[in-house]
Amino acid sequence: MADLGDRRLYLCVPDRPDLDRFVAACIAGGVDLVQLREKELDDRRLLTRAELVRRVCADAGVPFVLNDRPDLALAAGADGVHVGQDDVPPSVARRIMGDGAIVGLSTHAPAELAASVGEPVDYVSAGPVAPTPTKPGRPGVGLGYVRHAVEHARRPVFVTGGASPATVAGIVGAGARRVVAVRWLTEAADPEAAARQLRRALDAAIAEAEGAEAADPSPA
């Protein structure tokens with residue numbers, strides 16, 4: 001199993017013409033985990049684009065994860081794969097990728113989270129907190145599910161859905177310490193500056209939350 005350490009700002013990006021430059025800029029701004037999530041490309045093109053992102057991430061010392069496809073993740077030399085509830089089971093992804101790879105799993109409800117406890121995954125995602133165009137038709141789960149996931153996941157939890165400098169304090173207040181960013185970065189005119197702004201807001205919210213916990217260690 002992989003150790004994610006204190007990685008806390010996770011970029012999820014579709015293919016785009018400036019993919020390598022965009023990913024490098026986001027990493028320079030504070031992103032420390034990257035996923036390529038692309039549903040439209042054929043296998044050969046997806047493999048080529050995954051290899052491109054893997055090289056950028058390797059040069060920066062940042063893990064690279066491919067969405068959905070453990071076979072192509074392995075072929076591209078990715079550090080891991082992220083699967084959803086309708087993709088291959090995490091146990092199959094683990095068998096393909098090997099013990100040292102990162103395997104992540106999407107969860108959207110307490111029952112899915114409970115089922116993940118027995119799966120060979122290194123992290124789960126929880127969300128989306130609010131409805132998002134990247135997950136059409138999926139309702140927001142709210143911060144209540146974030147609290148539940150953090151309390152019961154038994155592994156790192158990355159929160160999805162609308163992460164921005166304006167929302168991370170609420171996410172951190174629900175107990176989370178890791179977020180997935182999509183539109184805040186992919187729609188930014190200056191992705192490095194946007195990543196830096198988000199990372200600073202996230203780090204500040206975490207520092208404030210942990211300072212408050214240290215000052216009042218009594219159980220909630």
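**Exercise 1. Find what covers the buried residues of helix α9 (residues 191-215).**

Step 1. The model is predicted, so local features need pLDDT of at least 70, side-chain atom pairs count only at pLDDT 80 or more, and totals for chains, interfaces and linings use all residues. Residues are numbered from 1 along each chain as its sequence is written, and side-chain values use heavy atoms, leaving out hydrogens and water.

Step 2. List the buried residues (under 20% relative accessible area with a 1.4 Å probe, protein chains only). In α9 they include P191, L198, R199 and I206.

Step 3. Look for contacts (heavy atoms within 4.5 Å). The cover includes β1 (9-13), α1, α7 (168-173), β8 (179-181) and α8 (183-186).

**Exercise 2. Check the span of helix α2 (residues 43-60).**

Step 1. The expected span is 1.5 Å times one less than the number of residues.

Step 2. For the 18 residues of α2 this should give 26 Å, and the end C-alpha atoms are 26 Å apart, which agrees.

**Exercise 3. Work out where the buried residues of α2 sit.**

Step 1. Pick them out: L46, R49, A50, L52, V53, V56 and C57 are buried.

Step 2. Recall the geometry: an α-helix has 3.6 residues a turn, so residues three or four places apart point the same way.

Step 3. Turn to the face away from the buried side: it carries R44 and D59, which are exposed (over 50% relative accessible area).

How values were computed:
Helix = DSSP H or I, 4+ residues; strand = E, 2+ residues; numbered from the N terminus.
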